[in-house]
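Please look through the sequence and the structure first.

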Amino acid sequence: MTTTALPPCWQPLAAGDAHGFAACAASDCEGDDQLGGKAAPLRRLAGLGFPVWPGLVLLPEAFHRCLAPGESWPRRIPQTLLADLRRDLDRLAAPVAAPGLRLAVRSSARCEDGRRHSFAGQFTTELDVAPADLEAAILRVWASAFAAGPADYARLLADGAALASGPPAVLIQPMLPAVAAGVAFAADPVSGQWGVTLIQAVPGLAADLVAGRAAADQDRLDRGGRILERRPLRPDQPVLDAATVQDLARLVRRLSRALGAPQDVEWALAAPPQAGGPSRLWLLQARPITTLGQLSDPDGAPGLWDNSNIVESYSGVTTPLTFSFARRAYTEVYAQFCRFMGVDAATVLRHRAVFATMIGFHRGRLYYNLQSWYRVLSLLPGYGLNAGFLEQMLGVREGLSPERRHQLRLEPPSHPLRDLLRLAGTGTALLANAVGLERRRRAFRERLDRVLLGPAELEALGDARPDELVAHYRRIETELLSRWDAPLINDFYAMVAYGLLGGLLRRWGLDPEGGRLNAWITDLGAVISAEPPRRIRAMARHLEGCPGLVALLCTGSAAQIQRALAPLPALRAELKAYLDDFGDRCLEELKLETPTLRDDPLPLLRSLGAMARAGERSDPPLPCSAPCTASFSEPAAPALPRPGALRGLVLGWLRRRLRQLVTQRENLRFERTRVFGQARRLLLELGQRYAALGWLERPGDAVFLEVEELLAMVEGNGSCTDLRGLVAVRRAEWRRHRATRPLPRRFETRGLPLLGLEALAADPPQPRAGEAGGDHWQGLGCSPGVVRGRVALVRDPRRWLEAGPGASADRPILVAAATDPGWVLLFPHAAGLLVERGSVLSHVAIVARELGLPMVTELGGISGALADGDRVELDGRSGQVRRLPPPVVGG
């Protein structure tokens, strides 16, 4: 049959041999945008051979053709156009519909049935329209596009989706003589299961079902077409038989693959136009399931995320530059760790992808990917026994069940004899590493001295070419980050020694409260991290008798302070030496976007002022605020075994070994600070060059790029050179993350980790309080001493320092959600420290013990329970904290 010539203001919706029209292939369909969101996918499906119920699409152009001169709204539709429409509709309906044509007239606006928003029910649908009433129905559909409903819906959408302006296309179809009809979802829109097809069916037409006014039979099927559940309203008479349900499920999944996303489909089972003929499934509408973008798939692979310990190094929201640098570091370091533990190189290479997922990035914050950590641990012999060590090392509170740990194995369990041989090999590797640890430390420091630039060379970086900067960064990667053996092995042995010594003390009843073990790792003496406060104290002596300068250091700007220091060359020289040695030890020092003390020395000057003011008041060098009692000797505990006894020999050796390892751990972590500091300097210098070339708007925009994206511009292997565009997208996302409540400390995901995060947005953690109305807390004592004083909440330590906290009359007890190594600059301001997250071996805890600063950690939610000015008493040995009543005025 020849093709009918249609007027240009409408097009056939579905055309196939059964309808007597020429097929319209998907690639041949013109004006999909004009067809609107409802008609365009049906037109594409028809072109691909799917059973689309026939109809015509009246294009928006028809609206404008119907306007009389001077009109903004059509009052009538020309009779010739209506006659042509009715004629072609009769021709479309003849092969499939019963005599007595009735019509369905529906909107097909551009904004309807999109991937993100459906605008379901916001436009008019006219059913069972007589051909004589077609004009009025079309006019009502056009009018609905300009009503308040669609505009209000658009305003309610969180992402501000725009309502398409102008009239919609109008989809006109013969009414379908349905035996049954309903909706089918290629994925479950409620549970988020992509592997489940959901079908709802009612007798006759589905208008009431779609409008939410009727209940329906419901069937659930898996991807293979197996029926999982049948829930008919009438158990003895389901609307669809099992075979039809399976046919429909296959059809819906097939058309979803054709359209590229799981679809929400309206369908109907049509009665045959002639008696005795077969019923047939028809498609009436197909649109993406919009809810899947907010739901995690419960059948997806589980993920487990925890930021217990990593928050000390990477607190709060960070940037793509920092995350990409940390991701590479964790990948390299823990692949090396497995090699040190005797895992063969081929096994490490085979599971390289797991090492690349040791950490995750959620809403701008870093988390441990705990499943990857357990998987890596499974490569070591004795997996079932050493999981507890991993959990202690990461600071996680809840371990995994043996069953779940078994599921995470990367390699199948080996024969016991082979496992015994592997264990022996690991033991040999451990012994060799322990014997050679000091040699490794020396070699590592020699590499540091060879690779890292001195102060003069750092100054010269301002003249370096981009390729020279990249070459030096690659050298840091190759010779340091990829050979991080000494810090890694030392950390491992420190954790083992700490766990072993603590376990023996508890088992032998020698340290029931843990105070003895903490006392044994106090006053280590050679910890370089304790040097900055000592240097600050020494510099403060230059300020004796200079109260005006001390006040300026506490409250003035950096420029004012620098001018005032001009007459004190000895102090300026010591400040320069401090910055040369410790300029990279700053607040949030491992975050590459953080200004260092070299960039902004004001935090250092504030600490100097606080220390000098303490000297004026004749306060102790570090806390306490009166009344205060502190004792840093061993607590009262059972007597130790005689030194000559076996237990005494074991404890003495472990104690000496632990003190050595913890000392070296802190010193090697300071070397990490230096390495990260120079990497930061090189990458930000690249930002300077790219800004000079116009590739970035400003030098600091480099922090919104990943490391490899920065390097690729020099090495010529990048996939995107629009750095400004990348920065704009990521800066906007970074700002959104900063304005969003943090996720919980620990959470699980299913399938795609991004989905479902909205539901995980954490309520503020509740403090673990006693019975006295939330005035008592039990935490983990990290540094002994009892101190009473007022509370100062520190949410942003840099701003807190810049505000001049040292000007107050006494030192407060600082309260924070988390700390990092740069907090040593706050110690001269503090009488004590209360922290929500941390551990006895954290950097801040070690330095607090060295300086005699009482500290309690693991106080979940305490920063939300206390307010500035509250008075508390903390016991850094027992971990107890209590709120004190307000002082009595005039009493």
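The model is a predicted one.

At one end of the order, β1 pairs with strand β2 (residues 56-58). That pairing is antiparallel and spans 3 bridges. Within it, Q11 has V57 of β2 as its bridge partner.

## A salt bridge between helix and edge strand

Which side chain does R140 meet in a salt bridge? The partner is E126, with an N to O distance of 3.0 Å. R140 sits in helix α4 and E126 in strand β4. The two are 14 residues apart, and the pair links distant parts of the chain. Across the whole structure, a search finds 56 salt bridges.

## The six-stranded sheet

A second open sheet has 6 strands in the order β9-β8-β7-β6-β10-β11. Pairing is antiparallel here too. The edges are β9 (227-231) and β11 (280-288), and each pairs on one side only. From one strand to the next, the twist averages 15°.

Strand β10 (residues 263-270) runs antiparallel to β11, and 8 bridges join them. L269 stands opposite L281 of β11. In a regular strand, side chains alternate between the two faces of the sheet. Helix α7 (residues 242-259) lies across β6 (178-185), β7 (196-203), β8 (217-222), β9, β10 and β11. It runs at about 140° to β10.

## A hairpin

Strand β13 (residues 359-362) and strand β14 (residues 365-369) form an antiparallel pair with 4 bridges. G360 faces Y367 of β14 across the pair. The hairpin has 2 residues between its strands.

## Helix α15 against helix α19

Helix α15 (residues 416-435) packs on helix α19 (residues 485-507) at an angle of about 110°. The axes are 11 Å apart. That angle makes α15 roughly perpendicular to α19, because the roughly perpendicular class spans 65 to 115 degrees.

On the α15 side, the meeting residues are L430, L431, N433 and A434. On the α19 side they are I489, F492 and Y493. By class, this contact has 6 nonpolar residues, 1 polar and no charged.

## Helix α18 and its two partners

Helix α18 (residues 466-479) packs with helix α27 (residues 707-715), and their axes come within 9 Å. The crossing angle is roughly 130°. α18 is therefore oblique to α27. This crossing is left-handed. P466, D467, V470, Y473, R474 and E477 make the contact from α18. V707, E708, L711, V714 and E715 make it from α27. The class count is 6 nonpolar, no polar and 5 charged residues.

The other partner is helix α26 (residues 646-692), whose axis comes within 10 Å of that of α18. The two cross at roughly 160°. Are they roughly parallel or roughly antiparallel? They are roughly antiparallel, because angles over 145 degrees fall in that class. The crossing of α18 and α26 is left-handed. From α18, P466, L469, V470, H472, Y473 and I476 take part. They meet V675, Q678, A679, L682, L683, E685, L686 and R689 of α26. Here the classes are 10 nonpolar, 2 polar and 2 charged. P466, V470 and Y473 of α18 are among the residues in the contact with α27 and also in that with α26.

Technical notes. Residues numbered from 1 in each chain as written. Predicted model: local features only at pLDDT ≥ 70, side-chain atom pairs only at ≥ 80, totals over all residues. Heavy atoms only, no water. Axes fitted to C-alpha atoms, helices over the stretch in contact; angles between N-to-C directions. Parallel < 35°, antiparallel > 145°, perpendicular 65-115°, else oblique. Left-handed = near helix turned anticlockwise from the far one by under 90°. Contact = heavy atoms within 4.5 Å. Nonpolar A, V, L, I, M, F, W, Y, C, P; charged D, E, K, R; others polar. Pairing = 2+ DSSP bridges. Salt bridge = Lys/Arg side-chain N within 4 Å of Asp/Glu carboxyl O.
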